[in-house]
Amino acid sequence: LHTAYRRQRQMCIRDSAYAAEYSAAAVSADAGQTVTVPVMVTPDAGETEQVNGYVMTLTYDPTQAKPVLEGTDLTGGDCYATVGSSFADGILVSDVVSTSANEETLVVSWASAQPVSVTEATDLAMVEFAVDADASANIPVTVAVTQLSNDGTIAEDGTFTVASGSIDLADFIYGDTNFNGVIDAGDASLIAQNVLEYIDFTETQIVVGDVNGNGTIDMGDASLIAQHVLGYITSFPVEQAQ
């Protein structure tokens with residue numbers, strides 16, 4: 001896995017000579033939830049893609065989302081991915097190979113004694129991510145795929161640019177601090193409890209609850225939400241600025 005990854009990093013990413021498109025999905029999730037990001041191969045119409053093996057890299061911000069451990073692989077190492085049903089007979093290995101404050105790379109490698117013939121859109125592998133409870137913006141997941149030959153070496157012209165994916169956070173409603181889908185008295189109550197330091201807000205709750213747009217949570221936000229519930233105002237200053 002590491003040898004193939006190092007060899008991949010030494011190569012320039014270039015267009016594939018194969019008649020297929022490799023892509024990762026854009027998926028939606030809420031902060032604090034888990035979500036699966038699939039990477040798939042789609043052959044051109046009427047073409048067949050022969051997949052002997054691949055090395056896939058997924059790069060993301062670990063402060064916003066982290067891959068979920070799916071168990072152990074055949075080597076006894078941690079495994080952070082599952083394969084698509086067409087690739088169940090091969091061997092899957094995965095590992096986190098680099099980490100910095102805001103960037104982490106997961107490598108997923110698969111190989112089989114017999115190539116898989118792909119004639120339609122097929123999942124190569126899926127990685128489940130746990131979205132941080134304080135995540136407040138969409139999370140890019142940058143993907144590259146290197147195809148391997150049947151002897152395990154990198155195939156000629158076998159490194160592909162990939163239509164990379166993302167984890168898109170679901171839209172929230174300003175003022176809905178309890179995330180029940182509506183603005184109600186419970187939201188004003190939560191803000192009051194936070195101001196009085198009875199409870200702590202997550203970063204997402206701070207963004208959602210700051211309806212007067214002054215950069216902090218205070219009783220003015222609770223007052224505006226109460227006025228909204230009573231029908232005295234129909235929108236917040238923050239909403240008007242969007």
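Which strand does Glu-104 lie in? Glu-104 sits in strand 10, residues 104–118, with strands (E, at least two residues) and helices (H or I, at least four) being DSSP runs numbered from the N terminus. The model is a predicted one, where local features need pLDDT of at least 70 and side-chain atom pairs count only at pLDDT 80 or more, while totals for chains, interfaces and linings use all residues. Residues are numbered from 1 along each chain as its sequence is written, and side-chain values use heavy atoms, with hydrogens and water left out.

Glu-104 counts as buried because its relative accessibility is 2%; buried means under 20% relative accessible area, exposed over 50%, and partly exposed in between (1.4 Å probe, protein chains only). Its side chain makes a polar contact of 2.6 Å with that of Tyr-60 and another of 2.9 Å with that of Lys-66. Such a contact is a pair of N or O atoms within 3.5 Å; within protein, one must be able to donate a hydrogen and the other to accept it, and residues adjacent in sequence count only if both atoms are side-chain atoms. Beyond four places in sequence, Glu-104 is also in contact with residues including Leu-58, Pro-62 and Val-96 (heavy atoms within 4.5 Å).

Over at helix 4 (residues 219–229), the buried residues are Asp-221, Ala-222, Leu-224 and Ile-225. Seen down the helix axis, these fall within an arc of 160°, so they line one face of helix 4; the arc is taken over directions from the axis to the C-beta atoms. Asp-218 caps the N-terminal end, with a side-chain oxygen 3.0 Å from the backbone nitrogen of Gly-220. Just after helix 4, Gly-231 adopts a positive phi of about 85°.
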